[in-house]
Amino acid sequence: MNGSAPDSGADPDDGADPDDGADPDDGADPDSSGGFGRDRPARSDGRLDSDRRQGTPYTESQVIMPTVKIVAPFAFTYGLFVTFHGGGSPGGGFQGGAIVAAVVFMIAFAFGIEATREWLANTVVVALAVGGTLVFAGIGLVPVALGGAFLQYELLPIPDPVKYGMEGVEILGIGTIVAGVLMGLFFVLANGFSDAGGFADADAFDDEVGDGPETDEARDDGSIDGTDPDDGTAPTDGDAPGPAATDGGRAADDAATDGGRAGDDAATDGGRAADDAATDGGER
Amino acid sequence: MTGALAPVGPLGAPVVAQVTAIEASLFVFVVLTALFTALARDVLAAVIIFGAYSLGMAALYTFYRAPDVAMTEAAISAGVTTVLLLLTLAKTTRADHEAAFESVNLPAAGAAGLLFGGLLLTMGDIPAVGSEDAPIWSNPDVSQWYIAQTYAETGVENAVMAVLAAFRGFDTFGEAVVVFAAGIAALIVLHREVFA
């Protein structure tokens, strides 16, 4: 239970230590990330430590990143094939959607969950999940509107209605729901539990709704400059001025430790975010 | 697709009551990984062994000509579930253990053994794998009907998908909504407004 890493193990009151919050690269430290949580001391207040240690563990690997770069296009294509070819070969929307989501998991493990989260906006995830459900219900309801039964494909006003109605349900309905929800589960689990993000806190709610998807990450990663020792517990934390700065700092850190990856998308993103971070830091 | 479902071996002979070496090793692998998943004291080890178990099950399903189920098992159970469990593990505190395995609770093991023995007694009445007399295969109103009529009725060759999306489409709609609701439930439980 007690940490193998002396610096974190010697810190009994985890939540009140600004230095701890100032280390966004917690997961990149080989000593701590290798332990998969072994180094983390138990919280003194008995809560799960997910809301305190929000930084997702990430270690850059020169093996994983090139491997994923090579494998991901093929895996993604295979997922699409399984989805689109479900009528003629084993597979279908469920399997194909899961493979497509697994490609996103792969990318997140190789290039960092936060970077992937920025790349794949919340809008995409929600659009996939909600859109798929609506398409499935819509394809089911069109025959009802035409006087038939729910999902009575023969009545669809398209050529070869049974076959293409089924394909539509599999590809645009089930496949997108599964892909979207699995990606969403992955990102929301990576974010962990939110103390202040719930409906109980009106300020945090407004901030999240008003400022878009990145806002809640301000609570997640701890503040870069360490000026916010109450990270994760203060309700006003949601309107910290620099959610982008926080993430940008993370990404910048990643980019900095990875000089050889110039020209790469993630590096470019990191550089841009670094500029943002610098600007934000200057404003403070 | 339908041809691959016919219960005959590669040489046309019925595959009845013969266990090949591949099958036997898959059985042993699956049983061992299941046991180690239950007995491993370290959660990370248990999660990884569980992923191996799912991969073994996927291979077994492929071997028994259920490629749709095998794909689901490989993608969801071996892939996605393992990743989500690892992610959850990375966000929680993980205890250090002296011993590699859980100590076995003897009464519980005895009860499980009794149940296993009781189930084993029913094995004699289960049709052999690939037997043409197995009710699930020989039934003219269900399996044979779907195999014969799927293409004519739906225009797709994969009978599994035809059953899921057309013949039992309303069930599948419910399942899809359950998946969607699971995503919403995760947001609510974790007090989040957005996924990403």
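Visitor: What percentage of the contacts in chain B with a separation of 6 or more is accounted for by residues 24 or more positions apart?

Guide: This is a predicted model, in which local features need pLDDT of at least 70 and side-chain atom pairs count only at pLDDT 80 or more, while totals for chains, interfaces and linings use all residues. Residues are numbered from 1 along each chain as its sequence is written, and chains are lettered from A and ligands numbered from 1 in the order in which they are written. Two residues are in contact if their C-beta atoms, placed from the backbone, lie within 7 Å. In chain B, residues 24 or more positions apart account for 52% of the contacts with a separation of 6 or more. In chain A, 70% of the contacts between residues at least 6 apart in sequence join residues at least 24 apart.

Visitor: How many helices and strands are there in chain B?

Guide: Helices (H or I, at least four residues) and strands (E, at least two) are DSSP runs, numbered from the N terminus. Chain B has eight helices and zero strands; chain A has twelve helices and zero strands.

Visitor: What share of the residues in each chain is buried?

Guide: A residue is buried if 20 or more other C-beta atoms lie within 10 Å of its own, exposed if 12 or fewer, and partly exposed in between, with C-beta atoms placed from the backbone. Of the 284 residues in chain A, 47% are buried; of the 196 residues in chain B, 24% are buried.

Visitor: Is Glu98(B) buried or exposed?

Guide: Glu98(B) is exposed, because 5 other C-beta atoms lie within 10 Å. Glu98(B) sits in the loop between α3 and α4 (106-121) of chain B. Its C-alpha atom is 9.6 Å from that of Asp42(B), 56 residues apart along the chain.

Visitor: Which elements give two or more residues to the side of chain B that touches chain A?

Guide: In total, 49 residues of chain B are in contact with 67 residues of chain A. The contributing elements on the chain B side are α3 (67-90), α7 (159-167) and α8 (169-189), and α3(B) provides the largest share, 14 residues. By class, that side has 31 nonpolar, eleven polar and seven charged residues (Ala, Val, Leu, Ile, Met, Phe, Trp, Tyr, Cys and Pro count as nonpolar, Asp, Glu, Lys and Arg as charged, and the others, Gly among them, as polar).

Visitor: Why is α7(B) described as largely enclosed by the rest of the structure?

Guide: Seven of its nine residues are buried, so α7(B) is largely enclosed. Those buried residues, including Met161(B) and Leu164(B), pack against α8 of chain A together with α3, α6 (143-154) and α8 of chain B.

Visitor: Which residues have the most contacts inside the largest nonpolar core?

Guide: In soluble globular proteins, nonpolar side chains tend to be buried together. A nonpolar core is a set of buried Ala, Val, Leu, Ile, Met, Phe, Trp, Tyr and Cys residues joined through C-beta atoms within 7 Å. The largest one here has 73 residues, and those with the most contacts inside it are Ala98(A), Ala101(A), Ala102(A), Val178(A), Leu182(A) and Phe186(A). The element giving the most to this core is α8(A), with 15 residues. Leaving aside neighbours within four places in sequence, Phe186(A) is in contact with Phe105(A), Ala108(A), Leu84(B) and Leu87(B).
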